[in-house]
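Student: I have a new structure open and would like to learn how to read it. Could you take me through it feature by feature?

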Amino acid sequence: VQLQASGGGLVQPGGYLRLSCAASGSIFTINAMGWYRQAPGKQRELVAVITRGGRTNYADSVKGRFTISRDNAKNTVYLQMDSLKSEDTAVYYCNADMTIYGVLVPQDYWGQGTLVTVSS
């Protein structure tokens, strides 16, 4: 079972990026999916989370600029990031609470991280 994130890169302030993260493997069900980020010298923090039913929650710092969504048929979560600021620069990690075949309880899984750099 793995989470594969993509979509990071270099963008100017005010620009936009869209991150994607696809889960694959012997997945029985995926509950919440989310995005976290870790800037240099800082702790990892929650950016946004979405339940299987589509309820969302955002960090105050990204409300109104970022939008999280998911496609349950594709086991994929997205993060649309608009009006990017230099302080959004970080490695972004996707996270999924999944139950896989052969394991009775859901567990947290992490993607490998994708770097977002906001700079002019």
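**Reading strands, turns and side chains**

Tutor: Let's start with a turn: strand 5 and strand 6 form a hairpin with 5 residues between them, and G54 in that turn has a positive phi of about 105°. Before going on, note that this is a predicted model, where local features need pLDDT of at least 70, side-chain atom pairs count only at pLDDT 80 or more, and totals for chains, interfaces and linings use all residues. Residues are numbered from 1 along each chain as its sequence is written, and side-chain values use heavy atoms, with hydrogens and water left out.

Student: What counts as a strand, and when do two strands pair?

Tutor: Strands (E, at least two residues) and helices (H or I, at least four) are DSSP runs, numbered from the N terminus. Two strands pair if DSSP finds at least two bridges between them. Here, strand 5 (residues 45–50) and strand 6 (residues 56–58) pair in the antiparallel sense over 3 bridges. Within that pairing, A48 stands opposite Y58 in strand 6.

Student: Which residue has a positive phi in the turn between strand 4 and strand 5?

Tutor: That's G41, with a phi of about 75°. Strand 4 and strand 5 form a hairpin with 6 residues between them. The two strands pair in the antiparallel sense over 5 bridges, and R37 stands opposite E45 in strand 5.

Student: How do I read a whole sheet?

Tutor: Follow the order of its strands. In this model, 4 strands form an open sheet in the order 1-3-8-7, with antiparallel pairing. Its edge strands are strand 1 (2–6) and strand 7 (66–71), each pairing on one side only. Neighbouring strands of this sheet are turned by 15° against each other on average, direction ignored; for such angles, axes are lines fitted to C-alpha atoms (for helices over the stretch in contact), and angles run from 0 to 180 degrees between N-to-C directions. Zooming in, strand 1 and strand 3 (residues 17–24) pair in the antiparallel sense over 5 bridges, and the bridge partner of A5 in strand 3 is C21.

Student: And where do the side chains go?

Tutor: In a regular strand the side chains alternate between the two faces of the sheet.

Student: Let's go back to R37. Is R37 buried or exposed?

Tutor: R37 counts as buried, because its relative accessibility is 6%. The cut-offs are under 20% relative accessible area for buried, over 50% for exposed, and partly exposed in between (1.4 Å probe, protein chains only). R37 lies in strand 4 (residues 27–38).

Student: What does the side chain of R37 make a polar contact with?

Tutor: One partner is the side chain of E45, at 2.7 Å. A polar contact of 2.9 Å also joins the side chains of R37 and Y92. The term means a pair of N or O atoms within 3.5 Å; within protein, one must be able to donate a hydrogen and the other to accept it, and residues adjacent in sequence count only if both atoms are side-chain atoms. Contact in general means heavy atoms within 4.5 Å. Leaving aside neighbours within four places in sequence, R37 is in contact with several residues, including V47, F66 and D88.

Student: How many aromatic pairs does the structure hold?

Tutor: It holds 2 aromatic pairs. Rings of Phe, Tyr and Trp (its six-membered ring) pair if their centres lie within 6.5 Å; planes under 30 degrees apart count as stacked, over 60 as edge-to-face and the rest as tilted. F28 and Y101 form an edge-to-face pair, 5.5 Å centre to centre with 80° between the planes. That pair links distant parts of the chain: F28 is in strand 4, and Y101 is in the loop between strand 9 (90–100) and strand 10 (107–110), 73 residues apart. F28 is exposed, with a relative accessible area of 55%, and Y101 counts as exposed at 54%. The rings of Y36 and W110 have their centres 5.0 Å apart and their planes at 65°, so they are edge-to-face.

Student: What lies over the face of W110?

Tutor: R44 does, at 4.7 Å from the ring centre. A charge sits over a ring if NZ of Lys or CZ of Arg is within 6 Å of the ring centre and within 35 degrees of the ring normal. The charged end of R18 likewise sits over the ring of Y78, 4.1 Å from its centre.
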